[in-house]
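Me: Please set out the structural labels one by one, with the criterion behind each.

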Amino acid sequence: MSRTMRLYYYAILGAMGGLIGWQASNMVGLSFWSNLYLSEIVVGGLIGLSIGALIGSSEGFFTLNPLQILKSGSFSGGLGFLGGAIGLPIAEGIFQILGGDPWSRAIGWALFGLLIGGAFGITSGNQAWKPALGGGIGGLLGGITLESIRVLFTDPLIGKAIGLTSLGASIGIFIALIVLLLSRAWLEVISGKMKGSEFILDKFIKKNGPSAFLGSSPLKSDIVLPDPDIAPQHALLKGEDSHFTLKDLSLTGTFVNNRKIEQTNLRVNQVIKIGNTELVYHERK
């Protein structure tokens, strides 16, 4: 999945999460609890779980990686639940303190989006603060939209459904947008089964940070390429602050600009070939 396509897909997945959260909260939320704040914890948690899980699992869906779907979806859904359970009661408290101003609830939705974005960053190739920033902006703007839509409809259930769908879409699209604008380094697949997909490398660029394995195994590699000619751990990308080094770990070889390498420093627009898959290295200074 290209970085620009994330804007579309994250918006759709976030909107679906909001709609699922609306339905789940209607079934379990306010009808079971008489205490307002306890109800807000339950409702907010369910909404956060739904939006967080769908946005978090998106990369796994598009890279056909079931393990990443499970891992990222569970982690993002869990932090989304936490964000909703914290954010919605805070929003309600601010709402009461400010005398019932509906716009004050948007502050709680901003916290809600920030935690969802941060969870996504931890489980992807992004530095966590970038999607967290996007989620916070999306939560704030989506929260304002949600409160605006709710007052337009006489039926509160319809207003809530449309508002939560808009909130989820806003969080998703701003996570993708901020990552798109601020991403520093990425690999673009130009041939093979995953042609058109892009893998963001920002989390791996620090010299003392984690390295990224390229390979065909979801259990052993960070960048998973479903190609039978690629080893489970085929190559290693290591950040050096200003650049990446690429090291071959395979028996069949790793090639950069058609030259077989053991280890090399990557430069912008170089073509990496492993198995039957080619990737271009992009970097923004």
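Reply: The labels are taken up in turn below. This is a predicted model, in which local features need pLDDT of at least 70 and side-chain atom pairs count only at pLDDT 80 or more, while totals for chains, interfaces and linings use all residues. Residues are numbered from 1 along each chain as its sequence is written, and side-chain values use heavy atoms, with hydrogens and water left out.

Me: Why is N258 called exposed?

Reply: Exposed means over 50% relative accessible area, buried under 20%, and partly exposed in between (1.4 Å probe, protein chains only). N258 has 72% relative accessibility and therefore counts as exposed. Its phi is positive, about 70 degrees, although N258 is not a glycine.

Me: What makes N257 partly exposed?

Reply: The relative accessibility of N257 is 43%, so this residue counts as partly exposed. N257 also has a positive phi, near 50 degrees, and is not a glycine.

Me: Why is M16 called partly exposed?

Reply: M16 has a relative accessible area of 42%, and is therefore partly exposed. M16 also belongs to a nonpolar surface patch with M5, Y8, I12 and I20, which together have about 470 Å² of accessible area.

Me: How do you know that strand 5 and strand 6 pair?

Reply: Two strands pair if DSSP finds at least two bridges between them. Strand 5 (residues 235–239) and strand 6 (residues 244–248) have five bridges, in the antiparallel sense, and therefore meet that criterion. Within this pairing, L236 stands opposite K247 in strand 6.

Methods: Patch = residues over 30% accessible without salt bridge, like charges linked within 9 Å, V, L, I, M, F, W, Y side chains within 5 Å. Areas by Shrake-Rupley, 256 points an atom, 1.4 Å probe, with all protein chains shown as cover. Salt bridge = Lys/Arg side-chain N within 4 Å of Asp/Glu carboxyl O. Helix = DSSP H or I, 4+ residues; strand = E, 2+ residues; numbered from the N terminus.
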